Amino acid sequence: MSLSVPEGLEFDARGLVPVVVQEYASGDLLMVAWANAEALDLTARTGLAHFWSRTRSALWQKGETSGHRLHVREMRRDCDGDTVLVVADPEGPTCHTEARTCFGDDTPTAAGVVEDLARVIAQRGRDRPDGSYTARLMAKGLDGALKKVGEEATEVVLAAKGESDQRLAEECADLLYHVLVVLEQRRVRPSAVLDVLRERRRSAR
């Protein structure tokens, strides 16, 4: 993946610009930091997020000691050229407190809810806690999950034909959950599905 530093940036008197980091899969804001031209150049060349520490007056790579790196997909400037948006895939929690983001663990975005649910499904599949419906379903393998998708799709049809809007939303949520289980069985991330939708939207006429 080719990265480049956005052109026309307006650095402040200290030679810095604020950098907002956004998770690619969920759209959640992960953190805000500062960068100088050298940090941005390192980010573009390595694909790993680099910043400038104002307290230590030094360059630093996110996750250099913790291992919680940010793998950068895209760098953009805002309309005024005085802020940089970094879109990244986090490797573990972003915040030094071990929270998923520097704004807490809860996601405020719809796509983030789906991504968070997918993470829970994956964890249940690995840990197999007692009493977990997800763990039992994962243990049945792909065929078991596919059977449930078929059943839930029928429930969506029935709700759409003769039940309330709330009931339809609930049945669609059940269907989406079971589709996520199928994706986990196949080791396909929800972001891959969103990538397809994004590409189709771009090509739609």
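The structure is a predicted model, in which local features were considered only at pLDDT of at least 70 and side-chain atom pairs only at pLDDT 80 or more, whereas totals for chains, interfaces and linings use all residues. Residues are numbered from 1 along each chain as its sequence is written, and side-chain values rest on heavy atoms, with hydrogens and water left out.

The protein chain contains 6 helices and 6 strands, where helices (H or I, at least four residues) and strands (E, at least two) are DSSP runs numbered from the N terminus. Read from the N terminus, the elements follow the order β-β-α-β-β-β-β-α-α-α-α-α. Along the principal axes, the C-alpha atoms of the protein chain fill a box of roughly 65 × 45 × 30 Å. Of the 205 residues, 37% count as buried, with buried meaning under 20% relative accessible area, exposed over 50%, and partly exposed in between (1.4 Å probe, protein chains only). Among the contacts in the protein chain with a separation of 6 or more, 51% involve residues 24 or more positions apart, a contact being defined by heavy atoms within 4.5 Å.

An open sheet is formed by 4 strands in the order S2-S1-S6-S5, with mixed pairing; two strands are taken to pair if DSSP finds at least two bridges between them. From one strand to the next, the twist averages 25 degrees. Helix H1 (residues 37–46) packs on this sheet and touches strand S1 (17–23), S2, S5 and S6, and its direction makes about 120 degrees with that of S5. For such values, axes are lines fitted to C-alpha atoms, for helices over the stretch in contact, and angles run from 0 to 180 degrees between N-to-C directions.

Within the sheet, S1 has 5 of its 7 residues buried and is therefore largely enclosed by the rest of the structure. S1 pairs with S2 in the antiparallel sense over 6 bridges, and valine 20 stands opposite valine 32 in S2. The two strands S1 and S2 form a hairpin with 5 residues between them, and glycine 27 in the turn adopts a positive phi of about 80 degrees. S1 and S6, in contrast, run parallel and are joined by 5 bridges, with glutamate 23 opposite alanine 88 in S6. The pairing of S5 with strand S6 (residues 84–90) is antiparallel and spans 7 bridges; here, histidine 71 has aspartate 89 in S6 as its bridge partner.

Arginine 77 lies in strand S5 and, at 35% relative accessibility, counts as partly exposed. Although arginine 77 and proline 6 are 71 residues apart along the chain, their C-alpha atoms are separated by 5.9 Å. Neighbours within four places in sequence being left aside, arginine 77 is in contact with Pro6, Glu7, Gly8, Leu9 and Thr83.

Two packed helices are described by the angle between their axes and the distance between the axes. Helix H2 (residues 110–127) packs against helix H5 (residues 165–185) at an angle of about 55 degrees, with the axes 10 Å apart. This makes H2 oblique to H5, given that angles under 35 degrees count as roughly parallel, over 145 as roughly antiparallel, 65 to 115 as roughly perpendicular and the rest as oblique. In this contact, Val114, Leu117, Ile121 and Ala122 of H2 meet Leu176, Tyr177, Leu180, Val181 and Glu184 of H5. The residues of the contact divide into 8 nonpolar, no polar and 1 charged, where Ala, Val, Leu, Ile, Met, Phe, Trp, Tyr, Cys and Pro count as nonpolar, Asp, Glu, Lys and Arg as charged, and the others, Gly among them, as polar. H2 also packs with helix H6 (residues 190–203), at an angle of about 145 degrees and with the axes 9 Å apart. There, Ala111, Val114, Glu115 and Ala118 in H2 meet Pro190, Ser191 and Leu194 in H6, and the residues of the contact comprise 5 nonpolar, 1 polar and 1 charged.

Most residues other than glycine have a negative phi. Glutamate 98, in the loop between S6 and H2, has a positive phi near 80 degrees. Arginine 187, in the loop between H5 and H6, likewise has a positive phi, near 60 degrees, and is exposed, with a relative accessible area of 62%.
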